[in-house]
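Keep the sequence and the 3D view open, try each task yourself, and then compare your steps with ours.

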Amino acid sequence: MAETSQRARNPRGQGGRLRLEILEGAARLLSELGGEEGLTIRGVARAASISPAAIYQHFTDKSALVKGLIEYDYEQISQAMAKADESCEQGAVLERVRAQVRTYCQFVVDNPGHYRLLINHQPLTAPRTGPMVDLVTKVATAFERCEQAGVRLRMPPRRAAVLVFTAAHGRVALWHASGDFGAVEALVDFVDEVVWLVTQ
């Protein structure tokens, strides 16, 4: 099946760009649907203005597409956290921690469909590697900078990162479950409080 006329074919050797366009289309569709239940290959093809056959060049089935979308979402979160960190003054080490965790919370608040996708596809056993572990490592690195700057922590940087990130993750889950969508500012306050608790 030829690609639709709505979209120009990528030049030879630029399949990576097509893969990104597929994931961007899937992300937009997921945001509209609010969950993965209605996510289909044909629906993503329409969102990306390509044919379903073009998607199968990069993803063998819906499961493979969902896996790619999860990786895409984690990359978006990771980049946003890095940007938040860089937006702070170099010496404001605690603020850089808060900025990263606040940004994570804001992403999952702004993207409920993506949040549900990430939650529903968490492994039953805690992996030693993976996107979520990578995000925690970012926060751990930020806490290591705090120690190097003379900020005293109540526990090692890695444990502090796990505690803060897990607490924020759980607080956002409660926020989604409560339906009290007018209290976003409480999430920011919560992040600040948890960061304060792990410092002396």
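## Exercise 1: A residue in helix 5

Q100 is buried, with a relative accessible area of 4%.

**Task.** Find the helix that holds Q100, and decide which residues Q100 contacts beyond its neighbours within four places in sequence.

**Solution.** Before we start, remember that this is a predicted model.
- Step 1: locate the residue. Q100 belongs to helix 5.
- Step 2: check the burial. The cut-off for buried is under 20% relative accessible area, and Q100 has 4%, so Q100 counts as buried.
- Step 3: list the contacts. Once neighbours within four places are set aside, Q100 meets M81, D85, K138, V139, A142 and R145.

## Exercise 2: The overall picture

**Task.** Work out how many helices and strands the chain has, and what share of its residues counts as buried.

**Solution.** 
- Step 1: count the elements. The chain has 9 helices and 0 strands, which gives the pattern α-α-α-α-α-α-α-α-α along the sequence.
- Step 2: look at burial. Among the 200 residues of the chain, 42% are buried.
- Step 3: look at contacts. Taking contacts with a separation of 6 or more, 67% come from residues 24 or more positions apart.
- Step 4: ask about confidence. The average pLDDT of the chain is 85, and 86% of the residues score at least 70. Residues 1-8 stay under 50, so read that stretch with care.

## Exercise 3: An aromatic pair

**Task.** Find how many aromatic pairs there are, and describe the geometry of Y104 and F165.

**Solution.** 
- Step 1: count. There is 1 aromatic pair.
- Step 2: describe the geometry. Y104 and F165 lie 4.7 Å apart, centre to centre, with 45° between their planes, and the pair is tilted.
- Step 3: Y104 is in helix 5 (residues 93-110) and F165 in helix 8 (residues 157-178), 61 residues apart, and the pair links distant parts of the chain.
- Step 4: check burial. Y104 has a relative accessible area of 1% and is buried; F165 is buried too, at 3%.
- Step 5: widen the view. Y104 also has a place in the largest nonpolar core, which has 57 residues: Y104 and F143 touch the most other members. Beyond four places in sequence, the contacts of Y104 include I77, M81, M132 and L135. As a general background, nonpolar side chains tend to be buried together in soluble globular proteins.

## Exercise 4: A valine in helix 8

**Task.** Decide whether V164 is buried or exposed, and which residues V164 touches beyond four places in sequence.

**Solution.** 
- Step 1: locate V164. Its place is in helix 8.
- Step 2: read the accessibility. V164 has a relative accessible area of 1%, so V164 is buried.
- Step 3: list the contacts. V164 touches V101, F143, V194, V195 and V198.
- Step 4: compare C-alpha atoms. Those of V164 and V139 are 8.6 Å apart, while the two residues are 25 residues apart along the chain.

## Exercise 5: Cysteines and a charge

**Task.** Find how many disulfides the structure holds, and which ring the charged end of R171 sits over.

**Solution.** 
- Step 1: count the disulfides. The structure has 0.
- Step 2: check two cysteines. C88 is buried at 16% relative accessibility, and C105 is buried at 5%.
- Step 3: find the ring. The charged end of R171 sits over F190, 6.0 Å from the ring centre.

Notes: Residues numbered from 1 in each chain as written. Predicted model: local features only at pLDDT ≥ 70, side-chain atom pairs only at ≥ 80, totals over all residues. Heavy atoms only, no water. Phe/Tyr/Trp six-rings, centres within 6.5 Å; stacked < 30°, edge-to-face > 60°. Helix = DSSP H or I, 4+ residues; strand = E, 2+ residues; numbered from the N terminus. Buried < 20%, exposed > 50% of the residue type's maximum accessible area, 1.4 Å probe, protein only. Lys NZ or Arg CZ within 6 Å of the ring centre and 35° of its normal. Contact = heavy atoms within 4.5 Å. Core = buried A, V, L, I, M, F, W, Y, C linked by side-chain atoms within 4.5 Å. pLDDT = per-residue confidence, 0-100. Disulfide = S-S within 2.5 Å.
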